[in-house]
Amino acid sequence: MRSQAVDHIALLPLYAAAGTAILALLVDLFVARRTAIVVSTLAGALTTAAAALVVGTWDATFCTTGGCSWIPTQPAAVAAALFAALTAGVLGLSAPALREGAVPVGEFCFLLACSMTGGVTVAYAGDLLTLIVGLETLTLPLYILVGLRRYVPFARPSIRPAEASLTFFLVSVISTAVALLGLALVFAATGVVHLSRLAPAPAPFTALGGVGAALLVIGLAFKVAAVPLHAWAPATYDGAPIPIAAYLSTASKLGGILALAAVAARLDTGAVLSALAVLTMTVGNLVALRQTRMVRLLAWSSIAQAGYILAALAMGAPGVPAALSYAVFFVILELIAFGVVAALRPAGRVAREAVALAAPTPTDTDGGTLNDYRGLAHQHRWLGAAMIVALSGLAGLPPGLAGLFAKVTVVGALIAEGWTWLAVIVVINAVIALAYYVRVGALLYTYPRSPGIPVVDPALLYDITHPRFPVPRPLTATLLITAAAAILLGFAPQLLFNAFS
Amino acid sequence: MYRDYLEPSWGLPQALLIALLAVPLLGAAVVALFPAARDRQARLVATGFATVTFLLTLAPAFSSRGEGWFAYGGRSTVPLLPWVEVDLDWVPSLGLDLHLGIDGISYPLIVLTGLLTALCCAYTVKKVPDGGSGRTLAALLLVLEVGVLGTFLALDLILFFLFFEVVLLPMYAVIAGWGGLARRAAARKFVLYTLAGSVLLLLGVLIVVTGAGTGDLVTLTGAAELSRNTQYAVFALLAVAFAIKAPLWPLHTWLPDAHTEAPTVGSVILAGVLLKMGTYGLIRVGVGVAPLGAAWAAPALGVLAVVAIIAGALICLRQTELKRLIAYSSVGHMGFVLLGIATLSVTGIQAALLGNVAHGLITGLLFFLAGTIKDRTGTGSLNQLSGLRETAPRLAGLVGFAAVASLGLPGLAGFWGEAFAVVAAVQRGGPLWTTLAVIAAIGGALTAAYFLRLLRRLTHGLPTPSVTSAPAGISGIEWLAWAPLVLLTLAVGVAPALIIGDTLQPLTTLLGVAR
């Protein structure tokens with residue numbers, strides 16, 4: 001057996017990502033200062049993004065007869081850079097929590113960087129095994145991150161994070177087992193694992209290959225929380241710290257979508273995926289209508305959004321560019337939404353406010369209920385505006401032009417490929433979804449009802465009873481950059497389409 | 001083909017088209033950034049931007065139009081030739097071009113939009129409805145103007161859809177933020193209904209773009225690029241989409257609530273220009289792109305239009321809420337417009353265009369007046385309003401003028417659209433269309449009946465306490481906002497050629513296949 005030639009330049013993004021994790025660990029060990037750890041992790045994530053973009057399209061490496069396992073293409077580089085950027089963004093969102101000591105800094109940064117490494121691997125993977133290993137590396141640190149938290153004074157300690165973590169862990173492990181079984185069956189039927197040679201199984205093994213492909217898709221569908229494999233998502237998002245919920249809903253979901261795209265483009269999975277898509281968007285939107293907690297609502301909406309992406313993937317290879325473009329628009333908008341939630345619900349302030357109001361029980365410092373957000377846009381005009389961009393984008397309407405183009409891309413691709421019935425279901429769902437996006441958006445601008453007393457100027461009363469609180473600078477910076485990206489892509493979506501064509 | 005000869009060079013007209021969208025957008029951004037302490041200045045600035053936009057809309061009338069009849073190539077009809085146009089690439093992957101243009105069909109509506117937005121912005125300088133800050137309302141009005149102007153200017157299907165969507169959330173915000181007591185439910189109903197319409201539009205537009213390989217309306221108009229069955233499907237989708245927006249009975253149920261709850265300026269913009277997006281879309285996109293589908297669906301459309309006329313009139317006869325009555329009268333007026341379109345004749349569509357503009361002017365005025373009455377007396381119920389002419393003769397006179405114009409008195413703007421819609425239906429001939437014409441004419445008589453009933457209850461009789469206690473005078477800014485509408489109602493009534501002067505050639509192109 002001869003050894004494989006390894007092209008280290010092709011692996012540069014991976015080295016940068018893994019190096020970031022090690023750097024975080026070492027800085028924690030030797031410097032042990034919060035700022036140093038966070039800044040070095042941030043620098044590492046940005047280096048990873050830069051490395052991915054600079055290397056761009058390069059020679060594939062880890063090649064054997066029949067295929068390569070590491071394929072730097074233009075879409076892969078964009079996806080890897082996006083993983084790194086999302087990691088940096090989530091780090092920015094976590095800055096206040098890290099300062100308050102709600103999370104141990106070194107461990108947090110190390111685990112986040114590990115997860116990023118998994119994401120980079122998924123982006124470049126050239127065979128099914130690397131793909132699943134990457135996906136597991138992406139998910140594994142998240143089991144811990146979901147449950148990893150301490151409580152600020154007067155916050156109510158609860159077992160929800162632990163529950164969330166355990167649910168997520170169990171469901172994920174089972175889904176991986178299902179995906180591996182599918183992979184084994186596909187390998188048995190076709191004898192290939194490399195994506196470049198993957199194709200529906202030949203004659204005597206067609207059924208076996210079909211079952212394998214279906215199992216593989218089902219296993220991966222857990223990662224994107226497709227209905228009926230979605231039950232873990234709302235509980236996990238709501239139990240996790242808000243930045244980690246943001247990461248689950250963006251980077252982790254993007255990983256699942258990339259993996260599904262790799263499979264759906266090559267195997268015949270239209271039937272399974274279209275069934276999953278219809279269920280996912282319809283159930284996701286209908287249940288989201290009834291939610292009263294902010295993070296749960298965002299979780300259900302993100303389930304529904306995954307349905308639109310699955311609809312594009314159901315078309316097979318022609319749908320992949322549309323699905324990936326939609327996914328990029330979606331993760332950017334979703335990061336803004338979670339960023340605004342994190343900015344409006346700083347744990348320390350929520351707890352202090354509860355103390356000030358002499359609340360009888362310790363308060364809940366998570367995303368909170370929808371009512372907790374009533375009128376907050378009057379205090380924070382820019383946060384309100386950012387949330388409007390995010391929600392309208394998720395609903396696919398201007399001023400969230402990025403979301404509008406995402407919707408047009410998917411529906412256009414469905415019609416062009418003759419899947420008009422699925423396009424009809426997608427647009428009906430867009431109408432249902434608007435009902436709850438509008439509700440949240442309007443709530444941000446509604447003054448709370450004052451109990452029993454007629455008020456001449458509700459705005460004045462509101463300003464007095466709700467003192468302004470500052471938004472931490474890293475959070476502001478993250479939101480500004482993300483919103484700028486969303487607006488840029490809204491006016492020049494061609495940049496993105498070029499990257500994935 | 002002909003475009004090679006007419007490749008528009010980049011010049012003043014092109015810059016003008018871009019400026020028509022850029023000025024209000026810039027205005028909205030500037031106004032929204034004003035600090036709270038300078039609310040009044042912000043509203044004045046908004047009025048300034050809206051006025052500049054209005055003046056810009058007047059400019060194309062003086063540009064050299066009708067570049068000649070270049071009918072090169074094998075096409076049987078004269079191609080659609082906009083007076084001015086600009087065509088830039090935007091998103092090639094989606095086939096989306098920033099292709100804007102003005103021709104005789106869209107021009108009157110563009111001027112109407114510019115005018116009404118400027119008047120509404122001026123109106124907010126004096127009176128901001130309760131609910132939110134005046135500068136935000138003014139900024140939203142400017143954003144609405146961008147969306148409406150964009151819809152009328154767009155010569156690319158996907159661009160048309162995009163601008164069609166732009167108005168959705170701002171209008172929701174206007175109703176939900178500054179509306180009456182039941183504003184939330186009304187605003188939600190409005191936004192969900194209209195989004196349902198616009199997703200159907202999205203499907204229709206994308207089916208056309210996929211089938212024809214282009215979204216360019218100049219290429220698509222009047223040319224049979226699509227197969228018969230595709231045209232049927234596309235027209236069905238588009239007709240429902242635009243019927244929701246217009247609105248056409250039985251898809252009109254969002255309209256009365258939205259109008260009743262919306263603030264005065266919201267009602268004016270909604271009735272004056274937003275509804276026109278539906279009828280304009282039906283003419284430009286529905287009939288233009290799917291002529292066979294239009295011919296196929298015309299009888300159904302005609303029947304529904306006539307039902308709308310009768311239903312609107314009958315409901316109005318029983319209505320006791322002032323704004324609701326005017327809202328339902330819109331259903332009837334839009335019924336006449338749609339009847340005109342359904343005849344698919346040049347006369348009918350000219351009548352529809354006239355009816356569009358006349359309805360925008362007259363109903364805009366009516367909503368201004370109704371809003372003022374409601375603000376001053378604190379009620380919109382006809383049971384509590386009477387004898388307005390005793391205490392506020394000028395206001396009562398204006399209401400009388402607007403009501404008489406709306407019921408279609410010859411010599412005022414409302415007459416031409418309704419009369420010629422009926423004439424076009426008679427000309428179309430055959431038992432169905434003759435019957436429709438007769439019923440529509442009866443509907444016209446009913447319109448007169450309910451407006452006269454409105455006048456009798458509102459202006460005549462003894463003043464009720466709420467009317468007596470209301471201030472009577474009309475302020476300068478109110479005259480400023482209403483006078484142009486009154487004058488234009490008279491002007492269009494006397495010289496309808498102002499509106500339809502340059503529509504013959506584009507309409508012949510549009511109907512080239514259908515006839």
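Select B:Arg43 and display its contacts: leaving aside neighbours within four places in sequence, this residue touches B:Thr124, B:Val125, B:Gly134, B:Arg135 and B:Ala138. The model on screen is a predicted one. B:Arg43 belongs to helix α3 of chain B, which covers residues 39–58. With 26 other C-beta atoms within 10 Å, B:Arg43 is buried.

**Chain B as a whole**

Zoom out to chain B. Its secondary structure consists of 23 helices and two strands. Along the principal axes, the C-alpha atoms of chain B occupy a box of roughly 70 × 60 × 40 Å. The radius of gyration of chain B is 22 Å, in agreement with the value near 24 Å that a compact globule of 515 residues would have. Of those 515 residues, 63% count as buried.

**Helix α7 of chain B and its partner**

Next, select residues 168–178 of chain B, which form helix α7, together with residues 264–289 of chain B, which form helix α12. The two helices pack at an angle of about 155°, and their axes are 10 Å apart. At that angle, α7(B) and α12(B) are roughly antiparallel to each other. The crossing of α7(B) past α12(B) is left-handed.

Show the side chains where the helices meet. From α7(B) come B:Met171, B:Val174, B:Ile175 and B:Trp178, and from α12(B) come B:Gly266, B:Leu270 and B:Leu274. By class, this contact comprises six nonpolar residues, one polar residue and no charged residues.

How many residues of α7(B) are buried? The count is 11 of 11, so the helix is largely enclosed by the rest of the structure. The buried residues of α7(B) include B:Leu168, B:Pro170, B:Tyr172 and B:Gly177.

**Two cis peptide bonds in one loop of chain B**

Move to the loop between α10 (228–245) and α11 (254–261) of chain B, where B:Pro247 is found. The peptide bond joining B:Ala246 and B:Pro247 is cis, with omega about -15°. Then step along to B:Pro250, which lies in the loop between α10 and α11 of chain B. The bond from B:Trp249 to B:Pro250 is also cis, with omega near 5°.

**Where the chains touch**

Display both chains and select the residues in contact across them: chain A contributes 24 residues and chain B contributes 24 residues. On the side of chain A that touches chain B, the elements giving two or more residues are α16 (401–416), α17 (420–444) and α20 (494–500) of chain A. Of these, α17(A) gives the most, with nine residues. Colour this side of chain A by class to see 19 nonpolar, five polar and no charged residues.

**A helix pair in chain A**

Select helix α5 (residues 128–147) and helix α9 (residues 242–264) of chain A, which pack at about 165° with their axes 11 Å apart. α5(A) and α9(A) are therefore roughly antiparallel to each other. α5(A) passes α9(A) in a left-handed crossing. Among the residues that meet here are A:Leu131, A:Leu135 and A:Thr139 in α5(A), and A:Ile244, A:Ser252 and A:Gly255 in α9(A). The contact has 10 nonpolar, three polar and no charged residues.

Centre on A:Asn285, in helix α10 (residues 270–288) of chain A. Is this residue buried or exposed? A:Asn285 is buried, with 24 other C-beta atoms within 10 Å. Beyond neighbours within four places in sequence, its contacts are A:Ala304, A:Asn429, A:Ile432 and A:Ala433. A C-alpha to C-alpha distance from A:Asn285 to A:Ile415 gives 22 Å, for a separation of 130 residues in sequence.

Two further stops concern backbone angles. A:Ala32, in the loop between α1 (12–30) and α2 (34–55) of chain A, has phi near 60°, a positive value in a residue other than glycine. A:Ala32 is exposed, with 11 other C-beta atoms within 10 Å. Finally, select A:Phe62 in strand β1 (residues 61–64) of chain A. Phi of A:Phe62 is near 55°, again positive in a residue other than glycine. A:Phe62 counts as partly exposed, with 19 C-beta neighbours inside 10 Å.

Terms used
Residues numbered from 1 in each chain as written. Chains lettered and ligands numbered in written order. Predicted model: local features only at pLDDT ≥ 70, side-chain atom pairs only at ≥ 80, totals over all residues. Helix = DSSP H or I, 4+ residues; strand = E, 2+ residues; numbered from the N terminus. Rg over C-alpha atoms; globule rule 2.2 N^0.38 Å. Buried ≥ 20, exposed ≤ 12 C-beta atoms within 10 Å, placed from the backbone. Contact = placed C-beta atoms within 7 Å. Nonpolar A, V, L, I, M, F, W, Y, C, P; charged D, E, K, R; others polar. Axes fitted to C-alpha atoms, helices over the stretch in contact; angles between N-to-C directions. Parallel < 35°, antiparallel > 145°, perpendicular 65-115°, else oblique. Left-handed = near helix turned anticlockwise from the far one by under 90°.
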